[in-house]
Amino acid sequence: MGQATLSIDLDALVENWRALDALSAPTVETAAVVKADAYGLGIAAVGPKLAEAGARTYFVALAEEGAALRASLGEGPSVHVFSGHMSGDALLLRDHNLTPLLNSAEQIARHFQALPGHPYGVQTDTGMNRLGFEPGEMPDVLSPVLTISHLACSDTPKHPQNEAQRAAFTPEGRASLAATGGILLGPKYHFDLTRPGIGLYGGLPFEGALPVVSLEIPLIQSRLVAQQESVGYGASWIAPDQRRIATLSAGYADGLIRAMGNRAHLYHGDTPCPIVGRVSMDLITVDITHLREIPESLSILNKHQTIDTLAAAAGTIGYEILTSLGTRYNRVYKGG
Ligand SMILES: *Cc1c(COP(=O)(O)O)cnc(C)c1O
């Protein structure tokens with residue numbers, strides 16, 4: 001089988017949700033952010049598993065994602081939509097009982113016109129300048145079920161913007177400011193509801209997170225490459241002496257981004273093996289000269305190399321590694 005295996009540990013996901021939940025007071029509710037197909041891990045498996053763990057409130061980016069989530073969750077949990085009420089969303093919001101987080105006067109007008117009486121929240125901007133009402137811009141006739149804002153620098157605890165944004169966040173009623181990073185900043189940031197995403201899926205800035213994904217890639221063939229011969233497109237790697245090079249069955253179409261070429265490693269058990277040459281669409285080439293056997297597969301995500309260490313090697317962040325994982329993997333859910 002040429003297909004690589006992406007293992008998703010749902011028990012670790014639940015542990016991470018519980019650990020983040022335990023960081024805030026019992027009166028603070030812990031929600032779950034499952035946008036972008038639960039950060040690439042599959043909303044249909046992740047959504048219900050978190051409900052089992054105790055999550056009652058979810059956040060998605062798009063109304064369409066909310067509809068997909070509702071289909072796997074059933075009625076009960078509340079589902080909030082970050083992009084608010086966009087043109088064409090009314091039936092999705094109504095039929096799937098989704099709560100838009102309104103971002104602008106235009107969205108308020110659209111919502112009140114299309115779905116009078118349908119619950120909504122609002123998003124306010126406290127300094128990120130991405131989504132939400134500016135201070136003073138929000139009409140005071142509103143009665144949102146939730147007011148949220150988002151921190152720009154919560155992965156950098158000492159950044160002065162954290163405190164500035166917190167001070168600028170003065171909502172009336174039920175309120176939420178903290179994503180994963182904000183939870184770790186402490187109780188002053190928790191308000192009524194926290195919104196962890198990446199920490200659930202095993203990523204920084206939640207250092208205590210259990211890894212949720214592992215990825216094992218089959219070896220298709222291996223060959224001896226003589227000194228001074230090159231490997232891969234552009235001949236970007238030249239063998240300094242005779243090497244054994246393995247060709248593995250996954251590439252940039254599977255989210256092993258090109259920036260990993262000549263920079264990241266795969267693992268045979270505890271032994272790292274460098275990617276040599278450029279990453280191709282469906283293939284990577286790995287130096288396995290130092291291994292005592294030719295393995296059937298190598299691992300790129302494991303206890304030695306997390307989404308964040310792999311991201312660092314490729315000059316990106318764990319979020320991007322996760323959400324880039326392609327659709328070609330054999331996805332195996334543990335603890336489902
Ligand atoms: C993505 C997102 C979150 C979750 O952030 P993490 O850093 O993944 O925990 C929370 N709130 C908003 C508005 C978001 O866009």
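## A tyrosine cluster

Tyr 39, Tyr 201 and Tyr 319 form a cluster linked by ring pairs. The model is predicted. The count of aromatic pairs comes to 5.

One of them joins Tyr 39 and Tyr 319.

## What the cluster pair connects

Tyr 39 belongs to helix H2, residues 35-39. Tyr 319 belongs to helix H10, residues 318-324. The pair therefore ties together parts that lie 280 residues apart in sequence.

Tyr 39 has a relative accessible area of 6% and is buried. Tyr 319 has 34% and is partly exposed.

## The Phe 112 and Tyr 120 pair

Phe 112 and Tyr 120 have ring centres 5.4 Å apart. Their planes are at 55 degrees, so this pair is tilted.

Phe 112 is partly exposed, at 37% relative accessibility. Tyr 120 is buried, with a relative accessible area of 9%. That value falls under the 20% limit for buried.

## Arginines over rings

Two ring faces carry an arginine. Arg 166 lies over the face of Tyr 189, 5.8 Å from the ring centre. Arg 195 lies over the face of Phe 59, at 6.0 Å from the ring centre. The distance cut-off for such a contact is within 6 Å.

How values were computed
Residues numbered from 1 in each chain as written. Predicted model: local features only at pLDDT ≥ 70, side-chain atom pairs only at ≥ 80, totals over all residues. Heavy atoms only, no water. Phe/Tyr/Trp six-rings, centres within 6.5 Å; stacked < 30°, edge-to-face > 60°. Helix = DSSP H or I, 4+ residues; strand = E, 2+ residues; numbered from the N terminus. Buried < 20%, exposed > 50% of the residue type's maximum accessible area, 1.4 Å probe, protein only. Lys NZ or Arg CZ within 6 Å of the ring centre and 35° of its normal.
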